[in-house]
Amino acid sequence: MPAILIDKVTKQYAGSTTPAVRDLSLTIARGEVYGLLGHNGAGKSTTVMMICGLLRADSGSIKVFGDDPAQHGPAVRRRVGVATQDIALFPSLTGLENLQYLCRMYGLTPDHNKLMPLLERFGLAADAGKRADSYSGGMKRRLNLIASVLHDPELLILDEPTAGVDVQSRAMIIAYLREMNAKGMTIIYSSHILEEVEKLCQRVGFLSEGVLIEQGATADLLQKYRTDSLENVYLTVSGRSIDV
Amino acid sequence: MKVLATIWKEFLTLRRDPGGMALIFLMPVLLVTVMSLVEDVPFRDYRHFSFDIVCVNEDHDTLGDYIEQTLASSGSFHLVKEYQGKPLTKATGMDLVSSGRYRAFLYIPAHATQRLNGKTAIVVQSLMSGFGIMDRPERDTTDAVEIKVVFDPVIQINVKQSLLYAIEKIVAGAENKVLMAKFSEQVKKMTGSNDTMPRPDLSKMIAVTSEKSYEGFDELAMNSVQHNVPAWAMFAMFFIVFPLAGNFIKEREDGSLLRMRLIAGSRFHFIAGKYVFHFFVCQVQFVLMLAVGLFLLPLLGLPRLVIGNEILHIALAATCISLAATAYGMAVAGAFRTHQQALTFGAISVVLLAAIGGVWVPVYVLPHALQVASNISPLSWGLELCNDVFLRHTDFRQMLPQVSKLLVFAAACLGLAYFLLNRQNTR
């Protein structure tokens, strides 16, 4: 059973003239790192929200580990972690308090022996007692990622996890993701930094105007389009830059 | 456990937000203190209020002296007869009022007594002629004896009416006295009697008395503190919409609400935790406002707030009001998508509900249409419930109508809030 099976899914928001996602079919295997790429408004966030059961598809079907997220949202969300592009933390709580609170909301007991090693791993242990709003952009991103894996998800979805972070933070995040993937975690990775995607993802899919316009193994795509970068592949298939 | 965690999270958030703390706790204390002081005078008993009146008495006779003495002895008025050491004239008296130095000027014209006597004689002769005792008098074509009262335009209408009423009452009394005296004089003339006619005591004919509606009522009177403390407590508690909706929408905007939606089974607990925390904030506000009325305002020379003796009834009232106020904040948070929309609507709606709910002025002095409209204001229900408990000493059964309204309102708002917040989850 694949981690994610999306079959001919369409989603159009009320008041919009065009679908945000149109006839999308996608399969992601367990233990795979899949790069979901596209410009702003291409339909990535809508797809992620449907995978988590926070949005209902108008048509088509979605299965996450065999469950329909629209029907069994809580069961799906227990197995999925999402690091959103926004820093979804409570700014007036300290880094540690944020994690403790989120642990309780996951129904877990905040275990100091589990949280502190995670904070240390991401270089935040010394600042664990400081308010999250005093953290730098990179520190917030790292804390945001920790907050997404507190419940040991089988599938981790990351939306621009390295946006606006320093080299050191980026290296920590990438190294952690590799380690988690090696332990069997399925990862959907969305980023504008295509070099990272090339290095991390086994397969990538390109979304444009809600349509999956191309997908395949990273190496195969580079070979197919006779180029050395995914940026060029994206330019060729979509006719536009990914930053637009 | 999740609800408790959210309550703790909200507590930490508020504790670390001095601006929010000031808005929730300090501003209402300042508001109730200032409003109680400002509205003290309009609520004050005018029997204990001495009002300066410029008085020029050119009559110097029975009527003028009687009016002067009665006004002066009432204790409510202080007659100003000199200015800068000089006796006042009609012109200087007018000047003092038109320049705004004084608020009212009473002018009793020369020969007022003499003219009143003349008019009274005609009235008595007219009465006697009806019995064929005297000849019918010639018709009185002279103008009425005019006692003039001039007011500064800025004087409050109720003060003006009170002053006019007092003077008219004194003048009516003077007329009665003169009439009775003249009547007595005529009868004596006709009968040739030297005996003094017995003077009837008119005050014993009709008596208007006030009854207390329950034991202990006479200790109380609606005053500035008794009105303003519960009224502004109500306002402050419903103003919880401001921090509550603001906090909700901020968390929605910065993505932390999305994280809650992504955590399985946490949404209900998250909303419940927020509701319970802000409910307790309202309870603290209520207790704080009562403490202001009980301990702070008396130190500032205002009456002490009377809250009755039924602590359980007070607790029930506070609980119902807090439930309604917090639920309203949740509904506003669910209904709007942006900070600006929610806070603008929240603030204006609470001000409107307060205005028609009798927070600024008691409902019974509002125009009829607004009195009808006040029936839909939860602030009016809350205020009425406070008055029931504090002043009317009502029992639980009598509290039920207001309690029911507040609880139904709270349930409706919570249902609406949950529906709206849930809709955002599955649209």
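Axes are lines fitted to C-alpha atoms, for helices over the stretch in contact, and angles run from 0 to 180 degrees between N-to-C directions. Hello everyone, keep that in mind as we go.

This is a predicted model, in which local features need pLDDT of at least 70, side-chain atom pairs count only at pLDDT 80 or more, and totals for chains, interfaces and linings use all residues. Residues are numbered from 1 along each chain as its sequence is written, chains are lettered from A and ligands numbered from 1 in the order in which they are written, and side-chain values use heavy atoms, with hydrogens and water left out.

Let's start in chain B. Helix 8 (residues 224-238) of chain B packs against helix 11 of chain B at an angle of about 160°, and their axes are 9 Å apart. Helices here are DSSP runs of H or I, at least four residues, and strands are runs of E, at least two, numbered from the N terminus. The two helices, helix 8 and helix 11 of chain B, are therefore roughly antiparallel, a label for angles over 145 degrees.

Now, a residue in helix 11 (residues 267-299) of chain B: His278(B). Is His278(B) buried or exposed? His278(B) is buried, at a relative accessible area of 4%; buried means under 20%, with a 1.4 Å probe and protein chains only. Among the residues that His278(B) touches are Glu10(B) and Thr326(B), where contact means heavy atoms within 4.5 Å.

Over to chain A. Six strands make an open, mixed sheet there, in the order 5-6-7-3-8-9; two strands pair if DSSP finds at least two bridges between them. Strand 5 (80-83) and strand 9 (211-217) of chain A are the edges.

Conventions. Buried means under 20% relative accessible area, exposed over 50%, partly exposed in between (1.4 Å probe, protein chains only). Angles under 35 degrees count as roughly parallel, over 145 as roughly antiparallel, 65 to 115 as roughly perpendicular and the rest as oblique. Lists of a residue's contacts leave out its neighbours within four places in sequence.
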